[in-house]
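Dear colleague,

I am handing over the structure below, and after it you will find some notes on what turned up in it. Please read them with the structure open beside you.

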Amino acid sequence: MIKLGVNIDHVATIRQQRYTDYPDPILAALKAEDAGADLITLHLREDRRHIQDSDVFTMRKMIRTRMNLECSLSKNIIDIACQVKPNDVCLVPENRSELTTEGGLDVIKYNSTIKDVADRLSSNGINVSIFIDPDIGQIEAAAKIGVGVIEIHTGKYSDAKFTEINNELFRINEAVKFAKKYGLKVNAGHGLSYDNVASIATIEGIEELNIGHSIISRALFDGIYNAVVIMKQVIFEAKAK
Ligand SMILES: CC(=O)[C@@H](O)[C@H](O)COP(=O)(O)O
Ligand SMILES: NCC(=O)COP(=O)(O)O
């Protein structure tokens, strides 16, 4: 069964608006785990716009499932990752001006840096994945680095309208097939919602979905426990069809 990673970044977004100590992303993570989340994802951005260093250290102590830390290649962030030792690190691109992660990491362009960072993380017992676009060349480059896991950026699919939706779905399907030929573990995420997740969840070969914004948004009305349970149900029903 496909696994669900719940990204709790945007609980911290609300907190950071007033610099209070609530809402607590750790509490959200624990409730998400109670509801069946298979892992918790959090993104320590260089600008600390939501998740703070303290959240990362505390999360490591409190989490009962798996901790998947998303971060850029920057040294000070990787230093923290090596101190915290989450189960997984997903390497993502980052720029201060972006609203959210706009594309996948350019593995071809930053190949040697990514390899050095991945080797350093692996030597600290951390499983490494790379967040990339559904692009054959990027997948080939990721496979050659030897990290073994990729997360396909589903943002273009999530934002697509009308015929673009099927075009993006085809692109993701082809990318997953190509990645499996290289023996890669394939995850997916970004912009997935209760309305669009089914077509991704049913792609053969995708093992984990990382979903945050839509779950935290739903949690504002139904609570995080129910928001996670409903997302798991939507995914289960899609796979059962
Ligand atoms: C890598 C990715 O797609 C998201 O997990 C990332 O966390 C998005 O950044 P924000 O959470 O800051 O929107
Ligand atoms: N890597 C994707 C993720 O963790 C959550 O992205 P989103 O659902 O908040 O867009």
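Glu208 counts as buried, because its relative accessibility is 2% and buried means under 20%. Please keep in mind throughout that this is a predicted model. Glu208 forms a salt bridge with Lys185, in which the closest N and O atoms are 2.7 Å apart, and this pair links distant parts of the chain, since Glu208 belongs to strand S8 and Lys185 to strand S7 (residues 185-189), 23 residues apart. Salt bridges that share partners also bring Arg66 and Asp88 into one network with Lys185 and Glu208. Lys185 itself is partly exposed, with a relative accessible area of 21%.

A search of the whole structure finds 18 salt bridges, including one of 3.4 Å (N to O) between the side chains of Lys232 and Asp38. Lys232 lies in helix H11 and Asp38 in the loop between helix H2 and strand S2, so this pair ties together parts that are 194 residues apart in sequence.

As for the largest pocket, its volume is about 550 Å³, and of the 27 residues that line it, Asp9, His10, Thr100, His190 and His213 are the closest to its centre. Helix H1 (9-16) supplies the largest share of the lining, 4 residues, and by class the lining has 5 nonpolar, 16 polar and 6 charged residues.

With best regards

Definitions and conventions:
Residues are numbered from 1 along each chain as its sequence is written. Chains are lettered from A and ligands numbered from 1 in the order in which they are written. This is a predicted model: local features need pLDDT of at least 70, side-chain atom pairs count only at pLDDT 80 or more; totals for chains, interfaces and linings use all residues. Side-chain values use heavy atoms; hydrogens and water are left out. On a 1 Å grid over the protein atoms alone, a cavity is a set of points where a 1.4 Å probe fits but cannot get out, and a pocket is an open set with protein on both sides within 12 Å along at least five of seven lines; lining residues have an atom within 4 Å of a point. Grid points are joined across faces, edges and corners, and a volume is the space filled by probe spheres set on the points. Helices (H or I, at least four residues) and strands (E, at least two) are DSSP runs, numbered from the N terminus. Ala, Val, Leu, Ile, Met, Phe, Trp, Tyr, Cys and Pro count as nonpolar, Asp, Glu, Lys and Arg as charged, and the others, Gly among them, as polar. A salt bridge is a side-chain nitrogen of Lys or Arg within 4 Å of a carboxyl oxygen of Asp or Glu. Buried means under 20% relative accessible area, exposed over 50%, partly exposed in between (1.4 Å probe, protein chains only).
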